[in-house]
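Please look at the sequence and the structure before reading on.

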Amino acid sequence: MAALNSHAQQDKHFSMFSESPVFLNPATAGFSDQQLQLFTNFRSQWLTVTDDPYRTISASVDWRMLDPEATKAASFMGAGVNFYNDKSGISQYTTNIITFPINYALQVGVADHLSFGLQPAFYQRTINGDHLTWDSQWTGVEFDQGLSNNELLLNQNLNISRFDIGAGVYWRNDNSYIGLSVPNLLTDEHYDGVQNAIAAERLHYFLIAGKVFDLSPRVKFKPAVLGKFVVGAPIIADLSANFMFDDTLRLGLAYRWDDSVSGLIGLQLGPKLMIGYAYDATTTRLRNFNSGTHEIMLRFELRSREKQLKSPRFF
């Protein structure tokens, strides 16, 4: 088992990334149109590549404070709790993350806010080596797990926990936003199930941006971008384009650079609930083996008594 610097991205990835930016940037907590927002997402991928497909579950709640009129008309604070669980492959390589974003949004214009956020985070990674097979266990006919695997680390199951802290900055007005965040200010080592090695974390940088255009009284258009940057690794870019019709139906496309293309659909079910679905089609050579990725999201907003939303938010 070797030690190395990790270039691999261990970051969360969702095709509908613009629907809940609090997973990416702690400075976005509390920017819902109402004072409390609940969000959950389920993602399943590599269904035909492995008998143990990769699946990801996330959930979050964030709310606004120091805003008694529920208008975001002045400076305010935001806070929240995020939970993320990812399980992948035959080793059941599992990542659990719980974070506590908190921020202060400073009013810098009539409809502009500049927010600064911090995010304490707790990580747990586990791996089950009971079902793994190794070259040294190949008999010429089959793998015999009774033979020694010559792997000192994975002769026992791994369970590693650590603390980290993230930070972010976010600017937003009524129809535009841009933010930059670093989810892991502390560096640490962990087992990399892809490289089969001890890997050192490097700082990851997330850039989010988007803008809403009113094409007509009934149609809105929102392009958005998510960039992920790690020193020494290729840039990962997600681009999306969404249309909203009559404040109810959302249709869009997304493209993850050199990886996949996605179809997006969302439906506003009344003033409080939105449901969304995304289907990803792989664009690399793995498309011959992968039937696609499915993603489902739900978002619920708790509305204040004083204010009824004129139209659903589009970011």
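The sections below treat the basis of the model, paired strands, salt bridges and a surface patch.

## Basis of the model

This is a predicted model, in which local features need pLDDT of at least 70, side-chain atom pairs count only at pLDDT 80 or more, and totals for chains, interfaces and linings use all residues. Residues are numbered from 1 along each chain as its sequence is written, and side-chain values use heavy atoms, with hydrogens and water left out.

## Paired strands

Strands are DSSP runs of E with at least two residues, numbered from the N terminus. Two strands pair if DSSP finds at least two bridges between them. Strand 12 (residues 204–211) pairs with strand 9 (residues 176–182) in the antiparallel sense, over six bridges. In this pairing Ala209 of strand 12 stands opposite Ile178.

Strand 12 also runs antiparallel to strand 14 (residues 219–230), to which seven bridges join it. Here Phe206 stands opposite Lys228 in strand 14.

## Salt bridges

Side chains of opposite charge can pair when their charged atoms come close. A salt bridge is a side-chain nitrogen of Lys or Arg within 4 Å of a carboxyl oxygen of Asp or Glu. The whole structure holds eight salt bridges. One of them joins Arg299 and Glu19, at 2.9 Å from N to O. Arg299 lies in strand 19 and Glu19 in the loop between strand 1 (3–5) and strand 2, so the pair ties together parts that are 280 residues apart in sequence. Together with Arg250, these two residues form a network of salt bridges.

Another salt bridge links Glu295 and Arg43, whose closest N and O atoms are 2.6 Å apart. Because Glu295 lies in strand 19 and Arg43 in strand 2, this pair connects parts 252 residues apart in sequence. Glu295 is buried, with a relative accessible area of 0%, and Arg43 is buried at 3%; buried means under 20% relative accessible area, exposed over 50%, and partly exposed in between (1.4 Å probe, protein chains only). Glu295 also has a side-chain polar contact of 3.1 Å with Asn41. Such a contact is a pair of N or O atoms within 3.5 Å; within protein, one must be able to donate a hydrogen and the other to accept it, and residues adjacent in sequence count only if both atoms are side-chain atoms.

## Two residues of strand 2

Is Asn41 buried or exposed? Asn41, placed in strand 2 (residues 36–45), is buried, with a relative accessible area of 2%. Phe42, also found in strand 2, is partly exposed at 36% relative accessibility.

How values were computed: Helix = DSSP H or I, 4+ residues; strand = E, 2+ residues; numbered from the N terminus.
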